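Welcome! Let's take a friendly walk through a protein chain, from its surface to its inside.

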Amino acid sequence: MSTIPRPRLKAQAFTDRWQVEIVDLTATYMSNVGMKSAAILDGAELCRVEEFAARHFRRSGFEATFVESEPFRVLFGVYFWSVIQDRCDCQVRAVGIMARPAYDPGGPSEVIWIPLPSDFGTPNYSRRRAKALTKHLSAIAETRAELLRLFDSWLAPSAGLREYLGAHRRESIETARKLIELIAPAVLKTVLGYLVLHYWGHRSGWPDLLVYRRNQWFLAEIKSWRDKLNEIQKRWIEDNHRYLHLPFKLVQVQRMECNVSASA
């Protein structure tokens, strides 16, 4: 009888099928009631598994920034706001949303009104507006200088849409700008096209980390020794292999020992 658990075999079959590069790290896990996720002892302090992986890459000469989906939502909002909120679209209407100051999470909320299509984010929206969306995306020049210029120019007028998308935090805006510097312009436009095709279906599942140094970058999903990819993450990995072709690695932080306890 095999000693390898069946879920492990299924996970390996999935990563093999979609040609996922695996990075195996080892760490000392500690039980700690003060942390909801797995706690790792790194030197003399505890950290989450994602932070442990980020520190590993930084020690290897990379920069490592937490991303998930928000910086990509920033890019989507900035580059598509004008066509999404186009008053010539007969399905655009005013929508009130609760917003709070971007740089003061504890500040009071307020209602802001933004123009938004009634079918925004659905496959029907991208089909209905295919001509306008394709024309808009095609008109964006495929040079980093122009993409950066447009990003800076459209950041302010896209604020309402980005507020709605949850893409307004300063750190996410800064990371989005870094992505423009790293990703080839044609690939960035492919990412934008992927998001607009079915925004609500494609906005989630993005990896945890952006890891980069000069002339090299990749996205990394971080998993502890007992974590599994969820279905949304699996969908993103499959879509990345089929359509996006972004450099991606799955980092598995294996257990070195698991018999030490720490107080909160």
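## A residue at the surface

At 47% relative accessibility, Val-111 counts as partly exposed, because that class lies between buried (under 20% relative accessible area) and exposed (over 50%), using a 1.4 Å probe and protein chains only. Val-111 sits in strand β6, residues 110–117; strands (E, at least two residues) and helices (H or I, at least four) are DSSP runs, numbered from the N terminus.

Together with Met-98 and Trp-113, Val-111 forms a nonpolar patch on the surface, with about 390 Å² of accessible area in total. Patch members have over 30% relative accessible area and no salt bridge, and nonpolar side chains (Val, Leu, Ile, Met, Phe, Trp, Tyr) are joined within 5 Å, while like charges are joined within 9 Å. A salt bridge is a side-chain nitrogen of Lys or Arg within 4 Å of a carboxyl oxygen of Asp or Glu. Areas come from the Shrake-Rupley method with a 1.4 Å probe, and for residues only the protein chains shown count as cover.

## About the model

This is a predicted model, where local features need pLDDT of at least 70 and side-chain atom pairs count only at pLDDT 80 or more, while totals for chains, interfaces and linings use all residues. Residues are numbered from 1 along each chain as its sequence is written, and side-chain values use heavy atoms, leaving out hydrogens and water.

The chain has 11 helices and 9 strands, and 46% of its 264 residues count as buried.

## Helix α8

Is Ser-172 buried or exposed? At 3% relative accessibility, Ser-172 counts as buried. Ser-172 belongs to helix α8, residues 170–182, and touches Glu-70, Pro-71 and Val-74, not counting residues up to four places away in sequence. Contact here means heavy atoms within 4.5 Å.

The buried residues of α8 also include Ile-173, Ala-176 and Leu-179. With 13 residues at 1.5 Å each, α8 should span 18 Å, and its end C-alpha atoms are 19 Å apart, which agrees; the expected span is 1.5 Å times one less than the number of residues.

## The cores

The largest nonpolar core has 55 residues, with Leu-75 and Tyr-79 having the most contacts inside it. Helix α3 (residues 70–84) gives the largest share of this core, 9 residues. Such a core is a set of buried Ala, Val, Leu, Ile, Met, Phe, Trp, Tyr and Cys residues joined through side-chain atoms within 4.5 Å.

Leaving aside neighbours within four places in sequence, Leu-75 contacts residues including Ala-176, Leu-179 and Ile-180.
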